[in-house]
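Subject: Structure handover

Hello,

Here is the structure for your files. My notes on it follow below.

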Amino acid sequence: MDHMDYEIISRKRGWDGHFKLDVYKLRHRLFDGGQSAVLQREILERGHAVAVLPYDPIRDEVVLIEQFRPGAISVHQHFPDMPLWLNEIVAGIVEDGEEMQDVAHRETMEESGCTINGPLELISRYYVTPGCSTETVTLYYGPVDATKAGGLHGLADEGEDIRVYTVSADECFAMLQKGQLCNATAMIAIQWLMLNRDRLRGNATKNTNNT
């Protein structure tokens, strides 16, 4: 499909606060070749995010963060097993004029206290909730020295209160299987690590031996 396969009839800003909400009236081509009825949809203009899996291939440790998420309140009220404080990986919003990889380096330092000490590797770029939001996540693997991780981090003026901790890769895989990593970004990252761990560790060993 291209832009000829849909028509935006109107677009109005419904809310213009910390988040932006636009109200669309649109229609699109149907699979049978016809046109849909005019649809009204509210779209959250969230912006785009970068996330980083901070992993130390020498120590075989993953750096995780934990923080409170207000969007989880109503979910927790209906499903008490769903946490309010989430185990996550590093992530942040891309500001105007920023490059994705620059955001990855900045957020890793701000949220975990670690410096990415090798090339970033792109894991995936994906929609978060395309039924109602424009947000995408560009997800990277970033090699770090996990001995530098720990303590409390985040920007006070953004209300961030982030606990940083490390776990072995095996412990992290167990957390995933037990449902303790219940956000999509962390789940995608750790599943990728399960598939690529041996390669990352092998490359790190080769680089260490060559220095």
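**Helix α2 and its packing**

The buried residues of α2 pack against β4 (48-56), β5, β7 (90-93), β9 (136-143), β10 (151-153) and β11 (162-168). Packing here means contact, that is, heavy atoms within 4.5 Å. Helices (H or I, at least four residues) and strands (E, at least two) are DSSP runs, numbered from the N terminus.

Those buried residues are V103, A104, E107, T108, E111 and S112. Seen down the axis of α2, they fall within an arc of 130 degrees, so they line one face of the helix. The arc is that of the directions from the helix axis to the C-beta atoms. Buried means under 20% relative accessible area, exposed over 50%, and partly exposed in between (1.4 Å probe, protein chains only).

Helix α2 covers residues 100-112, and its 13 residues should span 18 Å at 1.5 Å a residue. The expected span is 1.5 Å times one less than the number of residues. The end C-alpha atoms are 18 Å apart, which agrees. G113 follows α2 and has a positive phi, near 80 degrees.

**Basis of the model**

This is a predicted model: local features need pLDDT of at least 70, side-chain atom pairs count only at pLDDT 80 or more, and totals for chains, interfaces and linings use all residues. Residues are numbered from 1 along each chain as its sequence is written, and side-chain values use heavy atoms, with hydrogens and water left out.

**The chain overall**

The chain has four helices and eleven strands. Its C-alpha atoms fill a box of roughly 60 × 40 × 35 Å, taken along the principal axes. Of the 211 residues, 36% are buried. For contacts with a separation of 6 or more, 55% come from residues 24 or more positions apart. The chain exposes about 12,500 Å², and carbon and sulfur atoms supply 53% of it. Accessible areas come from the Shrake-Rupley method with a 1.4 Å probe; for residues, only the protein chains shown count as cover.

**Helix α3**

Helix α3 covers residues 169-177, and its buried residues are A169, C172, F173, M175 and L176. Seen down the axis of α3, these fall within an arc of 155 degrees, so they line one face of the helix. Their cover includes β4, β5, β6 (85-88), β11 and α4 (184-209). Just after α3, G179 takes a positive phi of about 80 degrees.

**Single residues**

- D60 lies in the loop between β4 and β5. Its phi is near 60 degrees, a positive value in a residue other than glycine. D60 is buried, at 9% relative accessible area.
- T136 is in strand β9. It counts as buried, at 12% relative accessibility. Leaving out residues up to four places away in sequence, T136 touches G47, H48, A49, Y126, Y127 and V128.
- V23 is in strand β2 (residues 20-28). It is partly exposed, with a relative accessible area of 22%. V23 and L44 are 21 residues apart in sequence and 8.9 Å apart in space, C-alpha to C-alpha.

**A surface patch**

F68, I73 and W85 form a nonpolar patch on the surface, with about 290 Å² of accessible area together. Patches are made of residues with over 30% relative accessible area and no salt bridge; like charges are joined within 9 Å, nonpolar side chains (Val, Leu, Ile, Met, Phe, Trp, Tyr) within 5 Å. A salt bridge is a side-chain nitrogen of Lys or Arg within 4 Å of a carboxyl oxygen of Asp or Glu. F68 sits in strand β5 (residues 61-68). F68 is partly exposed, with a relative accessible area of 34%.

Best wishes
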